[in-house]
Amino acid sequence: MIELPRQISRYRELVDDWDAFVEIIQRPLPTDLRWNPFAVKRERFEEALKLQGMRWTRLDTSPDLYRVEEMPGPGLTWAYHMGWYHPQGFTSTLPAVILDPQPGTNVLDLCAAPGGKTSQLSARMMGHGVIVANDINYNRISILAANVERLGVPNVLMTRYRGENFPERFTFDHVLVDAPCSGEGTYMTEGGRYREDEADACDFMSRTQLGILRKALKIVRPGGTVLYSTCTYAPEQNEAVVSAAIEDRQVEIIQMPEGLPGEPGIDRWEGNTFPVEIKRTRRFWPHHTNSWGFYCALLRRLN
Amino acid sequence: MLSSADSTELKIIRDVLVERFGIPARVMEEWLVFSTGSVLWGLRDAPDLDEALEAFKIERTGLPLLRRVGDNWKPTTVALQVLGKYVSKSLVQLSGEDLDRLLSDAAIRGTITDVDQGYVAVAGPDGVAGCALYLEPQAEEGKEEGLLLSQFPKARWQSFGRYIREDQ
């Protein structure tokens with residue numbers, strides 16, 4: 001059995017099948033490509049994959065996603081530069097699928113860079129309506145802008161506010177908070193994106209996350225929805241943050257759509273208990289999805 | 001500094017995209033146009049867009065449509081891709097092989113009879129892919145053939161694989 005960093009092994013009691021979890025994080029993940037309807041018809045995109053000798057599988061819960069077995073350098077193809085697809089892991093496509101904004105709605109992506117989810121939100125809106133894509137970091141906004149341009153996304157305004165300080169001068173139908181987090185969900189024994197030195201900032205992270213989520217709940221219209229997501233397994237940054245955000249009872253946690261993989265949120269951790277409705281949130285484990293670890297909570301503002 | 005396009009800049013949009021490339025005026029009416037001086041940007045209009053623009057300090061917006069090159073305005077690759085299905089003039093249709101050659105060699109020789117000298121939209125088998133500059137033959141200077149010069153952004157194209165087509 002390999003030795004995992006303590007930032008990963010501390011979640012052992014949360015995992016239903018530890019051996020399967022450990023096995024999956026030692027294997028390279030499949031390449032997931034999200035078809036971009038702004039650039040090419042689905043039939044031609046599929047034909048292009050075939051002509052490149054690629055086979056794919058489709059996942060019911062993320063209908064625009066194509067899982068290809070082997071694709072070295074997905075950012076080095078003609079189709080990539082033409083904006084036909086965006087490389088985007090399955091679980092990171094779920095926030096936009098769950099939030100499900102319709103054409104003509106107003107959407108805020110509060111932590112938007114590098115823009116995969118922004119462009120996916122726009123695609124679900126068929127390019128109609130307003131998307132405000134916000135990120136605090138100027139360099140990351142440049143990456144966001146480059147992806148918006150490459151993918152031909154027609155309806156994005158980009159802003160650069162701290163998430164916690166986002167202005168309250170406009171209300172949105174939906175807000176996506178894909179929060180900055182310690183990122184353990186991207187840990188793979190080889191080739192993962194996880195950095196151990198970032199994981200120790202858990203307490204700092206959870207305060208920032210709660211600040212951003214509370215702001216999102218203020219600027220979404222009554223009846224509107226907020227999707228909170230992270231790529232960490234840490235309950236301190238997931239269930240604990242959502243529990244604190246719903247404390248004032250002005251917000252409800254909505255049940256996720258049927259058929260999603262993963263498991264319900266947990267209602268206790270290291271001596272802390274969370275409200276029972278936290279089980280409506282969802283933990284997506286790599287051994288259930290063959291993708292990055294992820295967490296999603298869908299909230300509705302009540303008044 | 002981002003600002004709404006003034007009447008001169010809106011006329012530039014009409015002159016280039018509507019007059020030269022034949023994109024219907026009604027299509028361009030769906031876009032709000034912004035200016036940063038050397039670039040004109042397009043953003044698809046929406047009912048609450050004005051209110052959103054008032055509410056926030058905007059860092060960037062929409063898609064670049066035209067870029068100033070000297071005294072001329074060049075359509076961007078993304079503008080021609082997004083609006084490509086409406087382009088009806090100044091359009092050069094290439095085979096996949098010729099498109100490969102244009103991108104790898106940066107230019108191809110040949111005389112095109114039905115377009116005027118200047119910026120053209122280049123289409124491959126999958127529709128409009130980007131922009132090129134067409135120079136007409138100048139027999140009196142010994143240039144018997146026309147020249148099509150790639151205007152595709154180099155950084156974006158220098159490392160990709162070949163065009164996806166059936167003979168690969």
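A residue is termed buried if 20 or more other C-beta atoms, placed from the backbone, lie within 10 Å of its own, exposed if 12 or fewer do, and partly exposed in between. The structure described here is a predicted model, in which local features need pLDDT of at least 70, side-chain atom pairs count only at pLDDT 80 or more, and totals for chains, interfaces and linings use all residues. Residues are numbered from 1 along each chain as its sequence is written, while chains are lettered from A and ligands numbered from 1 in the order in which they are written.

Chain A contains 11 helices and 15 strands; these are DSSP runs numbered from the N terminus, with helices (H or I) of at least four residues and strands (E) of at least two. Its radius of gyration, taken over C-alpha atoms, is 19 Å, close to the 19 Å from the globule rule (2.2 Å times the number of residues to the power 0.38) for 303 residues, so chain A is as compact as a globular protein of that length. Of the 303 residues in chain A, 51% are buried.

Chain A is divided into domain 1 (6-29 + 89-301) and domain 2 (30-88), with bounds that come from an automatic or database domain assignment. The C-alpha centres of the two domains lie 23 Å apart. Their contact takes 20 residues from domain 1 of chain A and 16 residues from domain 2 of chain A, two residues being in contact if their C-beta atoms, placed from the backbone, lie within 7 Å. On the domain 1 side, helix H5 (90-99) and helix H6 (116-124) each supply at least two residues, and the largest share, five residues, comes from H5(A).

H5(A) is itself mostly covered, with nine of its 10 residues buried. Among them are Phe90(A), Leu94(A), Pro95(A) and Ile98(A). Just after this helix, Asp100(A) takes a positive phi of about 50°.

Two bridges join S7(A) to strand S4 (residues 60-61) of chain B, and the two strands run antiparallel; strands pair if DSSP finds at least two bridges between them. Within this pairing, Met158(A) stands opposite Arg60(B).
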